[in-house]
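Please read them alongside the coordinates.

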Amino acid sequence: MAAAVKAINAKIRSNKVLDYFCSTHFWGPASNFGIPIAAVLDIQKDPEIISGSMTGALVIYSATFMRYSMAVTPKNYLLFACHAINFGSQVTQGYRYLNYWNWGGREKALALKGGE
């Protein structure tokens, strides 16, 4: 049985596409893509529910891992793309948060609700 597993592993490792598909360089970012997908979908939601501290933490997290993805050997472009999308989404959420809570967006929204 061990010889069969060893043979399958050797077959996978000899094919560059299969080797990449069976590595953490692929599955780490692929499983991590849930975060940016959720962030993009959250852009459509009411800004009142945005957590400013969580948004700030996710901006720092994504910026850190964008840098990390380019520092490892070989460079992990899929991880970079995942965190670049998340970074952009979180910066957008951060702007929406600041606009709503600090720059008069809440008052405008309440005035529109009251004027209807």
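How do the residues of the lining of the largest pocket divide into nonpolar, polar and charged?

1. The model is predicted: local features need pLDDT of at least 70, side-chain atom pairs count only at pLDDT 80 or more, and totals for chains, interfaces and linings use all residues. Residues are numbered from 1 along each chain as its sequence is written, and side-chain values use heavy atoms, with hydrogens and water left out.

2. The lining of the largest pocket comprises seven nonpolar, four polar and three charged residues. Here Asp, Glu, Lys and Arg count as charged, Ala, Val, Leu, Ile, Met, Phe, Trp, Tyr, Cys and Pro as nonpolar, and the others, Gly among them, as polar.

3. Helix 4 gives the largest share of that lining, four residues. Helices are DSSP runs (H or I, at least four residues), numbered from the N terminus.

4. A search of the whole structure finds one salt bridge (a side-chain nitrogen of Lys or Arg within 4 Å of a carboxyl oxygen of Asp or Glu). D42 and K45 form a salt bridge, with the closest N and O atoms 3.3 Å apart.

5. Helix 6 covers residues 77-101 and reaches 36 Å from first C-alpha to last. Its buried residues (under 20% relative accessible area) include H83, N86, Q90, Q93 and R96.

How values were computed. Helices (H or I, at least four residues) and strands (E, at least two) are DSSP runs, numbered from the N terminus. The expected span of a helix is 1.5 Å times one less than its number of residues. Buried means under 20% relative accessible area, exposed over 50%, partly exposed in between (1.4 Å probe, protein chains only).
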